Amino acid sequence: LTSALKNFANEIQADYRASLTTNGYYLDRDFVRALDELAIKHVQVTFDGDREAHDKLRKKRNGQGSFDTLVRNVETFHEVSPACQFAIRVNCCDSNLNSIPMFLNRFSADIRARTRIFFRWVWANEASEYKKFSSEQTSNEPYKALGDLYSMARSLGWQAENPHENH
């Protein structure tokens with residue numbers, strides 16, 4: 001499909017580029033090397049907290065967790081594809097919220113400096129006008145927990161811009 005799209009774009013004298021959002025499991029060395037040929041300029045990988053929380057939510061068919069493979073693939077990406085933009089989306093919920101600070105400390109300073117990180121609540125909550133934002137939060141400020149994560153991420157050297165801050 002990419003080949004056909006690139007050819008069509010060339011015919012009409014247009015620029016073609018793509019992005020990829022993935023669970024990161026198959027983002028191995030060979031796939032990362034193919035990103036340029038596929039015209040993929042931006043990759044986003046999703047995590048569900050640190051190892052224990054992530055592996056409870058995202059298991060392989062055999063029941064084992066996928067966290068360690070994803071971390072290795074993020075490290076490989078940064079070794080092999082320095083030109084492609086990279087982002088990590090951390091899916092947040094009540095069960096993994098406390099594991100996220102440990103996750104933020106897991107990667108090297110180089111990876112943090114080159115990676116945009118952002119946080120999204122994945123279950124219905126007050127922010128989505130459905131129910132209380134987080135059962136573990138006692139604050140009446142529905143975005144405080146996320147704001148705290150953005151502040152922590154920035155202090156650790158991640159590229160993190162809080163969309164909920166007043167500008």
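**Aromatic pairs, cysteines and a helix**

Tutor: F107 is buried, with a relative accessible area of 2%; buried means under 20% relative accessible area, exposed over 50% and partly exposed in between, with a 1.4 Å probe and protein chains only. This is a predicted model, where local features need pLDDT of at least 70, side-chain atom pairs count only at pLDDT 80 or more, and totals for chains, interfaces and linings use all residues. Residues are numbered from 1 along each chain as its sequence is written, and side-chain values use heavy atoms, with hydrogens and water left out.

Student: What does F107 form with W158?

Tutor: An aromatic pair that is edge-to-face, at 5.9 Å centre to centre and 85° between the planes. Rings of Phe, Tyr and Trp (its six-membered ring) pair if their centres lie within 6.5 Å; planes under 30 degrees apart count as stacked, over 60 as edge-to-face and the rest as tilted.

Student: Which parts does that pair tie together?

Tutor: F107 is in the loop between α5 and α6 and W158 in the segment after α7, so the pair joins parts that are 51 residues apart in sequence. Helices (H or I, at least four residues) and strands (E, at least two) are DSSP runs, numbered from the N terminus.

Student: How many aromatic pairs are there in the whole structure?

Tutor: The search finds 9. One of them is F47 with F107, edge-to-face at 6.2 Å centre to centre and 70° between the planes. F47 sits in strand β2 (residues 40-47), so this pair ties together parts that are 60 residues apart in sequence.

Student: Is F47 buried or exposed?

Tutor: Buried, at 0% relative accessibility. Ring pairs link F47, F67, F103, F107 and W158 into a cluster.

Student: New topic. How many disulfides?

Tutor: The count is 0, where a disulfide is a pair of cysteine sulfur atoms within 2.5 Å.

Student: What comes just after α7?

Tutor: G157, with a positive phi of about 95°.
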